[in-house]
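Welcome, and thanks for joining this short tour. Have the model open beside you, and let us read it together, one feature at a time.

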Amino acid sequence: MVLILHHVNPLKLILLLSTFYTLSDCYDPLDPNGNFSITFDINNRLDTGYLATVTLENYHQYRHVDKPGWKLGWTWANNEVIWSMSGAIATNRGDCSSYSGSQIPHSCKKDPIIVDISPDVTQNRSGRCCRGGRLSARAIDSLSSLTSFELEVRNLNQKENSIGQAPKNVTFMAPGPGYTCSPFMVTDPSVSLDLGGVRQVPVIRTWKSICTYSSFLANKSPVCCVSFSTFYNPIITPCRNCTCGGCREADKNTLSCIRPSDSLGGSNDEKNIIQCTDHMCPIRVHWHFKNNYMNQWRVKLTISNYNFNINYSNWNVLVQHPGLSQKATAYSFNSTKLPTLVADGVALFWGIDYFNNELLHSDKDGVGSVTSEILLEKDQSSFTLQNGWTFPRRIYFNGENCDMPLPDTFPMLPNGSYIFRPNCLSFIFSLISLLLVLLVL
């Protein structure tokens, strides 16, 4: 390490380390194949254009799309128009002044924005449409993780029997920013089954775009935080101060505070009104180590919503902890274990329909919350109360990585046997501090 400090510019090393951790955090080892797939199938040629089906599939294991729902956009390669559409609508008709009479296209926009329609709409429906813009996480409800709509495209300005060019500049909002979409690429044609599944019928052409998510594009700061407590120590490890992009006002009696909108709710032009706290996060996840038995141990998981104007329907919480490699029973949540690339166990928890699948907002009477106890089997070879082993390594809320307390703030054992062992991250922080000192000198 001394040799590195002598031969590498300290500022360049800091930038290199910063870039490395930024890029590595964009890749999620807990959901390595998570993305949204946009499939554009051309089913039939027409004299005036073609008929197509567009399918949106959510391959994220624990990231879903909540209201107000997804928005899909693209730019036509030429002068195409959407003549008709079922299962979705374009938000803007655009300039259709070149058409007259009753034959007016659904949208003449060069860059249309498409949104889903409500489930209670009875007209202009298609086979797998109309979820009000909501798409479930794949691990929770795979059947509700996809939707589709149909459209007729005309005015291709191409030679006869041509199907034109693929749309460009694909955009996807779910419902906020954070997604980057690849161009539509030609892939193997989609195949449907006919005659009772005996005959395979491919479409004429298939274009596909893959949209990947980056929390750095979606949020300027964390949107949730984690706190810890135990039965053997009365001191609670709180969320870190000023975690979520701001600090509490000096007047501690102020009840409500305003923070910018984020990927967890609201539009880009709105302000989220939340309960004033030291951490200023709209969501807090609390992990309480409640009981230690001979062959089992029990925790209480509580999710609190500090928003005054936002409810979270179909919420979920992902927990990474080595103890979740063993059998775990959640009493008031649904749960499932996820296969991942990490060594620790990973479990996904979500609410029970008509009981606690809606995380309500806070009001003057209290904070909206949902909670469940979780009973975990012990692996006697690894279970320990030392070094913060009983606390999660990582927690996500609705797919967003929550800010974790620093290890040296974890609740300590009453006999003082807690021994903090520096991890890789603390070593990196120490190295950066040393390099900063060298720069000053």
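Predicted model: local features only at pLDDT ≥ 70, side-chain atom pairs only at ≥ 80, totals over all residues.

Q: What is the mean pLDDT of the protein?
A: The mean is 86, and 83% of the residues reach 70 or more.

Q: How many helices and strands are there in the protein?
A: You will find 4 helices and 28 strands. Of the 441 residues, 45% are buried. The exposed surface comes to about 22,600 Å², with carbon and sulfur atoms supplying 53% of it. Among contacts with a separation of 6 or more, 69% are between residues 24 or more positions apart.

Q: How do I read a sheet, and in what order do the strands of the open sheet with E5 stand?
A: Strands of a sheet pair through backbone hydrogen bonds, and they can be parallel or antiparallel. Here 4 strands form an open sheet in the order E5-E6-E3-E8, with antiparallel pairing. Strand E5 (88–90) and strand E8 (168–173) are at the edges with a single partner strand each, so one side of each has no neighbour in the sheet. From one strand to the next, the twist averages 20°.

Q: How many bridges pair E3 with E8?
A: Strand E3 (residues 71–75) pairs with E8 over 4 bridges, in the antiparallel sense.

Q: Is strand E14 largely enclosed or open, and why?
A: In E14, 7 of the 7 residues are buried, so the strand is largely enclosed by the rest of the structure.

Q: Which way do the side chains of E14 point?
A: In a regular strand, side chains alternate between the two faces of the sheet. In E14, Cys-224, Val-226, Phe-228 and Thr-230 point one way, while Cys-225, Ser-227 and Ser-229 point the other way, and all of these are buried.

Q: Which strands pair with E14?
A: E14 runs parallel to E18, joined by 7 bridges, and Ser-229 stands opposite His-288 there. With strand E15 (residues 233–237), E14 pairs in the antiparallel sense over 2 bridges. Phe-228 stands opposite Thr-237 of E15, and a hairpin of 2 residues joins E14 to E15.

Q: Which residues touch the most other members of the largest nonpolar core?
A: In soluble globular proteins, nonpolar side chains tend to be buried together. The largest nonpolar core here has 36 residues, and Leu-301, Ile-303, Trp-315 and Phe-397 touch the most other members. Elements that give two or more residues to this core include strand E14 (224–230), strand E18 (283–292) and strand E19 (296–305). Apart from this core lies another, of 35 residues, among them Trp-76, Leu-151, Ile-163 and Ala-166.

Q: Where is Pro-202 placed, and which residues does Pro-202 touch beyond four places in sequence?
A: Pro-202 belongs to strand E12 (residues 199–202). Leaving out residues up to four places away in sequence, Pro-202 touches Pro-189, Ser-190 and Val-191. Ser-190 is 12 residues from Pro-202 along the chain, and their C-alpha atoms are separated by 5.6 Å.

How values were computed
Residues numbered from 1 in each chain as written. Heavy atoms only, no water. Pairing = 2+ DSSP bridges. Axes fitted to C-alpha atoms, helices over the stretch in contact; angles between N-to-C directions. Core = buried A, V, L, I, M, F, W, Y, C linked by side-chain atoms within 4.5 Å. Buried < 20%, exposed > 50% of the residue type's maximum accessible area, 1.4 Å probe, protein only. pLDDT = per-residue confidence, 0-100. Contact = heavy atoms within 4.5 Å. Areas by Shrake-Rupley, 256 points an atom, 1.4 Å probe, with all protein chains shown as cover.
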